[in-house]
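Biologist: Before we discuss packing and voids, please put the model on screen.

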Amino acid sequence: MRTTTLGTHGPRVGVIGLGAMGMSFMYDMATPRDDAASVSVIHQALDLGVTLIDTADVYGPHTNEELVGRALAGRRDRAVLATKVGRVVADPTGGQDNLPVIGSDGRPEHVRASIDASLRRLGTDHVDLYQLHRVDPAVPIEETWGAMAEAVAAGKARHLGLSEVTVEEIRRAQAVHPVTTVQSEFSLWTRDVQAEVLPYCERQGIGFLPFSPLGRGFLAGRFASFDELPHNDHRRRLPRFQQDNLRANLGIAAGVRDVADRIGATPAQVALAWLLAQGPHVVPIPGTKTPRYLADNAAAADVRLSPSDLAELDALPAPVGARY
């Protein structure tokens with residue numbers, strides 16, 4: 001796979017990464033987890049050149065880091081390992097469909113304890129990228145980021161990243177310690193970051209990691225109605241997946257499919273190739289626990305979209321319904 005650098009001074013990675021959350025958390029929670037299959041997918045990812053593996057301590061909570069740690073045993077040097085801190089499960093089953101309620105904790109003491117716990121679960125002495133999952137509104141970002149910088153000074157993390165932040169929050173963090181990456185939702189149906197955050201990252205030499213780059217499966221054409229969503233699935237409580245909104249949004253998926261059919265690619269590959277075309281600093285991290293989808297996503301690195309393809313995709317309408 002082609003490679004790029006995470007930011008000006010970050011590690012070299014494959015241009016497509018792997019988000020591990022769905023292997024343990026939030027999606028299709030009624031179906032028993034197949035950890036052996038997920039470990040196999042992570043091994044396959046490394047073999048394909050998908051070297052950036054992204055997890056977080058809140059996924060599970062904790063079980064996703066443990067899974068990734070088992071998968072990387074004996075293979076740690078082949079992966080660029082990223083995890084996150086700053087989100088906590090406030091209530092394991094108190095949300096809609098008995099899904100978890102998530103809160104924030106950016107206290108420095110929480111960060112200091114969390115990096116050590118993450119390293120134990122991941123079975124490593126350092127992570128390559130330690131990310132602030134969300135800014136805690138009750139804690140100045142300078143305090144949280146300062147505690148994360150301590151992890152770099154101690155050799156527990158090589159680089160630091162932010163997630164779902166404003167330009168002002170990036171600037172405030174940069175005043176304390178360099179920002180290597182910013183992670184936010186970004187796809188053909190979530191383009192908010194194009195206004196300010198994405199261009200700022202490009203100017204500053206900051207890598208950008210789009211999560212949910214396939215619109216949680218929607219852009220890949222996997223869901224045509226609300227009833228097709230698995231029970232106990234996070235998407236069932238998202239506005240864009242409610243039946244009327246989803247029906248209205250089908251035209252976006254159809255537009256992606258039209259381009260895919262014309263160039264001999266899959267819709268997922270087209271959606272990912274559109275992101276890659278936004279600049280070499282953009283490294284999408286689609287999640288999957290299925291070997292076929294992993295191979296499909298990885299092959300997007302070789303899909304080239306023409307200027308007319310890109311213009312057609314850029315012209316797709318905005319989705320109906322809020323993200324959350």
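**Voids and helix packing**

Modeller: A search of the whole structure finds one cavity of 30 Å³ or more. On a 1 Å grid over the protein atoms alone, a cavity is a set of points where a 1.4 Å probe fits but cannot get out, and lining residues have an atom within 4 Å of a point. This is a predicted model, in which local features need pLDDT of at least 70, side-chain atom pairs count only at pLDDT 80 or more, and totals for chains, interfaces and linings use all residues. Residues are numbered from 1 along each chain as its sequence is written, and side-chain values use heavy atoms, with hydrogens and water left out.

Biologist: Which helix gives the largest share of the lining of the largest cavity?

Modeller: The space in that cavity is about 30 Å³, a volume being the space filled by probe spheres set on grid points joined across faces, edges and corners. Its lining consists of Ile-16, Gly-17, Leu-18, Val-50, Pro-286, Leu-294, Asn-297 and Ala-298. Helices (H or I, at least four residues) and strands (E, at least two) are DSSP runs, numbered from the N terminus. The largest share, three residues, comes from residues 291-298, helix α9.

Biologist: How many residues of that lining are nonpolar, polar and charged?

Modeller: Ala, Val, Leu, Ile, Met, Phe, Trp, Tyr, Cys and Pro count as nonpolar, Asp, Glu, Lys and Arg as charged, and the others, Gly among them, as polar. For the lining of the largest cavity, the division is six nonpolar, two polar and no charged.

Biologist: What is the volume of the second largest pocket?

Modeller: A pocket is an open set of points with protein on both sides within 12 Å along at least five of seven lines. Strand β1 (3-5) and helix α8 (267-276) each supply at least two lining residues of the second largest pocket, and the lining has nine nonpolar, three polar and two charged residues. The volume of this pocket is about 190 Å³.

Biologist: Which of its lining residues are closest to the centre?

Modeller: The second largest pocket is lined by 14 residues. Closest to its centre are Arg-2, Ala-273, Leu-276, Ala-277 and Arg-304.

Biologist: Are α1 and α2 roughly parallel or oblique to each other?

Modeller: Axes are lines fitted to C-alpha atoms, for helices over the stretch in contact, and angles run from 0 to 180 degrees between N-to-C directions. The axes of α1 (residues 35-48) and α2 (residues 63-72) come within 9 Å and cross at roughly 55°. Angles under 35 degrees count as roughly parallel, over 145 as roughly antiparallel, 65 to 115 as roughly perpendicular and the rest as oblique. The relation of α1 and α2 is therefore oblique.

Biologist: How are α3 and α4 oriented, roughly parallel or oblique?

Modeller: Helix α3 (residues 108-122) packs against α4 with axes 8 Å apart and an angle of about 30°. The two helices are therefore roughly parallel.

Biologist: Which residues of α4 meet α5?

Modeller: Helix α4 (residues 141-153) and helix α5 (residues 167-174) have axes that come within 9 Å and cross at roughly 50°. Contact means heavy atoms within 4.5 Å. On the α5 side are Glu-169, Arg-172 and Ala-173, and on the α4 side Ile-141, Glu-142 and Trp-145.
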